[in-house]
Amino acid sequence: MSASYLVIYEGRPDDADAFFDYYVTKHVPLIWGFPRIRAVEIMREVGDSELFMITRLVFDTVEELRQAVTSPYRSVTKADMDKFPAFRGTIRWEIVENLDFTPPED
């Protein structure tokens with residue numbers, strides 16, 4: 001069963017476009033340095049809520065995910081967060097299992 005590391009951005013950056021541009025062009029390439037990472041997905045809010053964005057890092061197993069986020073490489077991505085354009089809100093991290101379901105056959 002695969003697992004994901006969710007990074008949840010609740011609140012708003014002072015300049016949403018500058019924040020998103022920095023995140024995609026500078027921070028995401030650093031994320032790819034995590035050992036055994038399989039995918040990076042970014043979900044950006046399009047309504048009118050306090051949620052700005054969720055980033056999903058996908059790993060094959062919960063164990064691989066835990067090893068990645070406790071690896072020395074984690075300090076690289078954490079240090080880069082200090083360079084983000086101003087963000088007013090809360091950033092949360094969650095580890096979740098991915099449960100995949102297929103539609104029933106007719």
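Me: Which residue does R44 stand opposite in β3?
Reply: This is a predicted model, where local features need pLDDT of at least 70, side-chain atom pairs count only at pLDDT 80 or more, and totals for chains, interfaces and linings use all residues. Residues are numbered from 1 along each chain as its sequence is written, and side-chain values use heavy atoms, leaving out hydrogens and water. β2 and β3 pair in the antiparallel sense; two strands pair if DSSP finds at least two bridges between them. In β3, the residue opposite R44 is M53.

Me: How many bridges pair β2 with β3, and how many residues are in the hairpin that joins them?
Reply: Strands here are DSSP runs of E with at least two residues, and helices are runs of H or I with at least four, numbered from the N terminus. The antiparallel pairing of β2 and β3 has 7 bridges. The hairpin between β2 and β3 runs through 6 residues.

Me: What is the bridge partner of V7 in β3?
Reply: Strand β1 covers residues 3-13, and β3 covers residues 51-59. These two run antiparallel over 8 bridges. The partner of V7 in β3 is T55.

Me: How many of the residues of β1 are buried?
Reply: Buried means under 20% relative accessible area, exposed over 50%, and partly exposed in between, with a 1.4 Å probe and protein chains only. Across the protein chain, 36% of the 106 residues are buried. Strand β1 is mostly covered, and its buried count is 9 of 11.

Me: Where is R36, and what is its phi?
Reply: R36 lies in the loop between α1 (16-31) and β2 (37-44). R36 is not a glycine, yet its phi is positive. The value is about 65°.

Me: What pattern does the chain follow along the sequence?
Reply: The protein chain has 3 helices and 4 strands. Read along the sequence, the order is β-α-β-β-α-α-β.

Me: What share of the contacts with a separation of 6 or more comes from residues 24 or more positions apart?
Reply: A contact means heavy atoms within 4.5 Å. Pairs with a separation of 6 or more are counted in the protein chain. Residues 24 or more positions apart account for 74%.
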